[in-house]
Each structure stands twice: as C-alpha cells, then as structure tokens.
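Please keep the sequence and the 3D view open while reading.

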Amino acid sequence: NIEEPYKLKTYDEIKDARFAGTKKSHECVLILTEGDSAKTMAVAGISVIENSRDYYGIYPLKGKLLNTRGEGKEKIIYKNKEINDLMKIIGLDISKTYENINSLRYGKILIMTDQDVDGSHIKGLIINFICSKWPSLLGIENYISCLLTPIIKVTKNKSVKNFYSLPDFDKWLKKNNNGKGY
C-alpha cells in the first residue's frame, strides 16, 4: 500500500508528482521551466517515461525569479508569490538547515530554461534562491541539475548538429560557408 500523498490544492500551475510528499518523495524530481510553453514541452518529454506522473512534477516560472540575496530583502522575499509557491511545493522550511532530502516533497530539482541570456539568468536566480536561504542543499549531490537543450539545430541529410550557445553557432557559420547546404 502506498500512503496517500499530500497534494497541493492551491496551485493551478503545478503538475504535482503523485509521490511528492510521500515516503517516495526522495525519488521525485521537480522540473522548473521557463514559462508555460516550456512546461508543455516538459510534459510531452516526460510522457515517454513509464510512471512519469508518479515521480515528476512540473512548475512553470513566470519570468525571472526574485533575487533573494542582499540586505533588507526579507520582507519582499516572503511576500513574493513565486518564492512562496516554490517553498511550499518543495517543502522548504526557512528555519531549517538540510543535511538530507528526507523531509522535502521533492528529492531533486531539474531546471529547464532556454539556452539564451534570459534562460541563464533565470537558472542563476533559482540557484541563488537555494544558495542564499539553504546553502546546505547545494552540498547534497545532484540535488539541483540543469537540462541542457540546444538553442539551434542545423541539419544536412540525416546529420544533425546542435548548438548550445549563439557564439558557438556564429563560429560554426563562419567556418562553414554561412551554413550553405544545411
């Protein structure tokens, strides 16, 4: 018998993992996406994984997360809806130092942002949020990871070349006749 999971009923945006908040929470992954379109892509991506709804939750961020580091920000931080949502979804307690993930609703966080400047900034703000309030979580192996997605793909016949940054793509264009034939 699987215990009845604690479900978040007040967050329409989250697709909560069925096992989040249960004895199997440590096996659950929360995917943080850059907006609703990326959420749709994440839902489609995990749909090919057997029992994915049991172990994967998805929460779309609305733009850039609040910068949580700095003096005098405490009042602003805890009034921010997205920060409060993340704390409740993950099960974070502001007064706790975490040595393990046993009390959290999710055992891992996977950041899924675009490989552009905004995506990098959002990724940094998420890591900053965890680091500024719960630095001990960063010491837990693989607690936070990032999905590296190509920003540009070029194809020639059946060959596909992925680029993860615009500078890399620009260098390739210069060396490959401006991409002619691709």
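## Arg105

With which side chain does the side chain of Arg105 make a polar contact? The partner is Asp16, at 2.7 Å. A polar contact is a pair of N or O atoms within 3.5 Å; within protein, one must be able to donate a hydrogen and the other to accept it, and residues adjacent in sequence count only if both atoms are side-chain atoms.

Arg105 sits in the loop between helix H4 (81-90) and strand E3 (108-112). Helices (H or I, at least four residues) and strands (E, at least two) are DSSP runs, numbered from the N terminus. Arg105 is buried, at 5% relative accessible area. Buried means under 20%, exposed over 50%, and partly exposed in between (1.4 Å probe, protein chains only).

## Basis and confidence

This is a predicted model: local features need pLDDT of at least 70, side-chain atom pairs count only at pLDDT 80 or more, and totals for chains, interfaces and linings use all residues. Residues are numbered from 1 along each chain as its sequence is written, and side-chain values use heavy atoms, without hydrogens or water.

pLDDT is the predictor's confidence in each residue, from 0 to 100. The chain averages 87, and 92% of the residues score at least 70. Confidence is highest in E3, at 95, and lowest in helix H3 (residues 74-77), at a mean of 76. Over residues 1-6, pLDDT stays under 50. Where pLDDT is low, the predicted coordinates should not be read in detail.

## Salt bridges

The structure holds five salt bridges. Each is a side-chain nitrogen of Lys or Arg within 4 Å of a carboxyl oxygen of Asp or Glu. One of them joins Lys62 and Asp36 (3.2 Å, N to O). This pair links distant parts of the chain, 26 residues apart: Lys62 is in the loop between strand E2 (56-61) and H3, and Asp36 is in helix H1 (residues 35-46).

Lys81 pairs with Asp85 at 2.6 Å. Both lie in helix H4, four residues apart, about one turn of the helix. Lys81 is exposed, at 51%, whereas Asp85 is buried, at 4%.

## A buried lysine without a partner

Lys123 lies in helix H5 (residues 117-133). Lys123 is buried yet has no salt bridge. The nearest side chain of opposite charge, Glu34, is 8.5 Å away. Lys and Arg count as positive and Asp and Glu as negative; His and the chain ends are not counted.

## Cysteines

There are zero disulfides (pairs of cysteine sulfur atoms within 2.5 Å). For Cys28, the nearest cysteine sulfur is that of Cys146, 19 Å away. Cys28 is buried, at 0% relative accessibility.

Terms used: Contact = heavy atoms within 4.5 Å.
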